Amino acid sequence: MSIISNYNIDNNTIVRVKEKSKSFEVVIPKTMREQTLIACHDDVGHMDAKKTLHNLKQRYWWPNMRKDCKVYVRSCHKCQVVTHRTANAYGLLQQFPIPITPWEIVSADHVICLPHTKSRKHQHACPH
Ligand SMILES: [Zn+2]
């Protein structure tokens, strides 16, 4: 089986036949790749590279499409200036339960990069 046999011309469009599913992907020429990325990224809500690639793979194909998609999404100006969380919102701070006996709960804060003492042998520590 040659590589050429996986491609067809349908209505002046080159299509790539997916062997497993027997479905088709439209082969996008270089001149139309940016327009296709806009349609699958900008026009559908600026999704991340993984979801944009998923959108592309539904119908389209070109060599190095995954890499082009990553580069396009990473350089998208709107995605860079608008930060949107995709995770759940942060919860409210919760108080620890009040201990009944001494030393029932011990906690410590770790602080680094404190200034050195004059002898430079030790770093300052601030008890609280
Ligand atoms: Zn974007």
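Me: In what order do the elements of the protein chain run from the N terminus on?

Reply: The order is β-β-β-α-α-β-α-α. That gives four helices and four strands. Helices here are DSSP runs of H or I with at least four residues, strands are runs of E with at least two, and both are numbered from the N terminus. This is a predicted model, in which local features need pLDDT of at least 70, side-chain atom pairs count only at pLDDT 80 or more, and totals for chains, interfaces and linings use all residues. Residues are numbered from 1 along each chain as its sequence is written.

Me: How do you know where confidence is lowest and where it is highest in the protein chain?

Reply: By mean pLDDT, the predictor's confidence in each residue on a scale from 0 to 100. Strand β1 has the lowest value, a mean of 81, and α3 the highest, at 97. For the protein chain the mean is 84, with 88% of residues at 70 or more.

Me: What makes α2 oblique to α3?

Reply: The axes of α2 (residues 49-57) and α3 (residues 65-74) cross at roughly 135° and come within 9 Å. Angles under 35 degrees count as roughly parallel, over 145 as roughly antiparallel, 65 to 115 as roughly perpendicular, and the rest as oblique. The crossing falls among the rest, so α2 is oblique to α3. As for the axes, they are lines fitted to C-alpha atoms, for helices over the stretch in contact, and the angles run from 0 to 180 degrees between N-to-C directions.

Me: Which residues of α2 and α3 meet?

Reply: On the α2 side they are A49, T52, L53 and L56, and on the α3 side M65, R66, C69, K70 and V73. By kind, these residues divide into six nonpolar, one polar and two charged. Nonpolar here covers Ala, Val, Leu, Ile, Met, Phe, Trp, Tyr, Cys and Pro; charged covers Asp, Glu, Lys and Arg; the others, Gly among them, are polar. A contact needs two C-beta atoms, placed from the backbone, within 7 Å.

Me: What makes N8 partly exposed?

Reply: N8 has 13 C-beta neighbours inside 10 Å, so it counts as partly exposed. N8 is also found in strand β1. Leaving out residues up to four places away in sequence, N8 touches V15 and V17.

Me: How many of the 128 residues of the protein chain count as buried?

Reply: As a share, 7% of them do.

Technical notes
Buried ≥ 20, exposed ≤ 12 C-beta atoms within 10 Å, placed from the backbone.
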